[in-house]
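Please look through the sequence and the model below before reading on.

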Amino acid sequence: MNNPIPLSQENLSQLPDAMARPEYDRSQIKTGIVHIGVGGFHRSHEAYYTDALMNSGDFSQWGICGVGLREADRKIASVLQQQDYLYTLIVRHPGGKIENRVIGSLVDFMMGIDDPQAVIDRMANPDTKIVSLTITEGGYNVDPDSGEFDTSNPDAQHDLKNPDQPKLAFGYLAAALRKRRDNGIPAFTVQSCDNIQHNGNLTRKMVLEFARHQDPELAQWIEREVCFPNAMVDRITPVTTAADMEYLEQEMGLQDQWPVTCEPFCQWVIEDDFCDGRPPWENVGAQFVPDVTPYEKMKIRLLNAGHSVLGILGSVYGHATIDECVSDDLFATYLRQFMDIEATPVLDAVEGIDLDAYKDTLLERFGNPNIKDKLSRICLESSSKLPVFLIPTITENLQRGGSIQYAALVIATWCWYSDQGVDQYNKELEIIDGNHAELHQAAAETRDDPLSFLRLTSVFGDLAKNERFAKVYTEMIDKIYENPDVSLQMRKIVKDRQ
C-alpha cells in the first residue's frame, strides 16, 4: 500500500475499521504503574491486559510508564515516543486468522541512564501504586554459587555507594522506596512479570539483600511494608521481524516501527498480595489465587522445559523454529513423551487444570505455523533457564527412580551445542548466553573428560556426582560426538517406550 499512515494518537481515526484501537481518552490517563524492561513480552502481556481493562471502563489511573535502564533500551524509547507510546499487537491464530489491535496503556517512557532522579521521582510519586519488572532471569543479580545477591557485580557496588545514581533495578527500587518512606507515602507493590518460579519471592529476596547492604533501616521498612506477589505469566511472543512491519504497511496501511506479534493464548495467575491497590485485571481474564506455586510449576516444567527440549535438540538437528519442530512427527512425539513420562509424574495437582488437555494445548500452540518463534530465541541464556526449567525435573526423577533419558539427551546435546557451536550440518548456530565462554570451555574438554560439562556446578549442581545420571549422560555423549544427528538417539528413546 502506498503512503502508509504513521502510527500516532492523531492518526488513530484514519485506521481501518477492522483494526481495534483504544476506546478511552488517553489524555486523561495517570501513571499508576511504572514498568522496568519494556520488551515484546511486556507489551503482549501486562500492557495488553491493562489496555483491555481500560477499554472496559474508567480505569484511567492505571496507565503505564516504561523505564529503560540500559543504552540498549534507547531504540524502543525513541520509537514509542515518536508514536505517542502506541504500538500494534498482531495476534496470529493457528488457522491463519490475524487480529490487529493498537495498544494505548503505555503513556510514557523514561531512560534511567539519562536522568536517574527523574525515574526515582516517578516511582516515588503517590500516583504510582505498582512497579513491575521484566528484566529476564539474568537481571536479578543472583550469585550462581550462593544464591544470594551478587555484591561483586560492579554495577551493584556502584549502586551501594551511589544511592541517588543507581544502575540496577534494585538500586532504583531502594531509592524510590526510601523517598516514599521519608515522605510518609505508602509503599508501592513490586511485581515481577518475569518467567521465573516464585518470581515475587526472588524479587523480595534480592531487594532486601541489596537494601541490607545499603541501608539496614530501609530494609526493615521494606520487609514490613512492601508486597511482592508471585505470578505465573504465559504468552508466546517471538521477536518482532521486518515482515511484521511490512504486513501492517501492506495490509493495514499503517507504519509501526516496532509492533509485537504473539499467539492468541494468554494467561496470568497472580497472588492477590498488593500493598497500595491494584487494577482489577480479573475483569479481563487474569486469575487471582492465594498460592500460584502449582500453576507456575506446571507451566515451567511443561511449557518452558518443552521449549528448551525442542530448542536445543532442534537447533542441533537443523530446525529453525518451534513450529518447524512440532511439524516433525519425531520431535512432536519426543516432546509429548518427555512431558508424559518425565515431567508430569513430578508435578503437583493443579486445581481446575486437566493436565492432558493442557499438554494438548501446548502442542497446538507450539505448532502454530503463524508464530515463527526462532529456536535461537528459545535457547537464549539457556544457562539461566535450564537450572529452573529442566534440571529440577531430572533431580526429582533421580530421587524417585523415574525416567531421565529424555532430559539427559537434551543436556548431552547442549554440551555439543556449547562445544561445537554448529548444527549437524556444520551450520553456525546463533548462541547468546552470558556464560557462553564458561560453557564452551567446559564442553570443549568433553573428549578428555566426558563429565566436564556436567561439572559446572553453578548450572548442574551435583548431577556429575550422581552415578545413574552420569552413566546415561556419558553414553549419550559418546553417541552424539560419534554422530551429531540427534534424531538417531531420539528415535531409540521413543521406540523403547512404545
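Is D215 buried or exposed? D215 is buried, with a relative accessible area of 17%, where buried means under 20% relative accessible area, exposed means over 50%, and partly exposed covers what lies in between (1.4 Å probe, protein chains only). This is a predicted model, in which local features need pLDDT of at least 70 and side-chain atom pairs count only at pLDDT 80 or more, while totals for chains, interfaces and linings use all residues. Residues are numbered from 1 along each chain as its sequence is written, and side-chain values use heavy atoms, with hydrogens and water left out.

D215 lies in the loop between α7 (199-214) and α8 (216-225); helices (H or I, at least four residues) and strands (E, at least two) are DSSP runs, numbered from the N terminus. When its neighbours within four places in sequence are left aside, D215 is in contact, that is, with heavy atoms within 4.5 Å, with R178 and R181.

Another loop, the one between β7 (130-133) and α5 (154-161), holds N141. N141 is buried, at a relative accessible area of 8%, and its phi is near 55°, a positive value in a residue other than glycine. Most residues other than glycine have a negative phi. E381, which is not a glycine, also has a positive phi, of about 55°; E381 is found in the loop between α14 (375-378) and α15 (382-389) and counts as partly exposed, at 27% relative accessibility.

I135 also lies in the loop between β7 and α5, and I135 is buried, with a relative accessible area of 15%. Not counting residues up to four places away in sequence, I135 touches I36, Y140, A169, F170 and D194.

The aromatic rings come next. A search of the whole structure finds 14 aromatic pairs, a pair being two rings of Phe, Tyr or Trp (its six-membered ring) with centres within 6.5 Å, counted as stacked with planes under 30 degrees apart, edge-to-face over 60, and tilted for the rest. One of these pairs is formed by Y49 and W268, and it is tilted because the planes stand at 50°, with the ring centres 5.2 Å apart. Since Y49 lies in helix α2 (residues 46-56) and W268 in strand β12 (residues 267-271), the pair ties together parts that are 219 residues apart in sequence. Y49 counts as buried, at 2% relative accessibility, and W268 is buried too, with a relative accessible area of 1%. Y48, Y49, W268 and W281 form one aromatic cluster.

Rings also take part in another kind of arrangement, in which a charge sits over a ring (NZ of Lys or CZ of Arg within 6 Å of the ring centre and within 35 degrees of the ring normal). The charged end of R278 sits over the ring of F288, 3.6 Å from its centre, and R43 lies over the face of Y87, at 4.7 Å from the ring centre.

Side chains of opposite charge can pair when their charged atoms come close. The structure holds 32 salt bridges, each a side-chain nitrogen of Lys or Arg within 4 Å of a carboxyl oxygen of Asp or Glu. In one of them K179 meets D121 at 2.5 Å, N to O, and this pair links helix α6 (residues 169-182), which holds K179, to helix α4 (residues 116-124), which holds D121, across 58 residues. E396 forms a salt bridge with R301, the closest N and O atoms being 2.7 Å apart. E396 is partly exposed, at 23% relative accessibility, whereas R301 counts as buried, at 4%.
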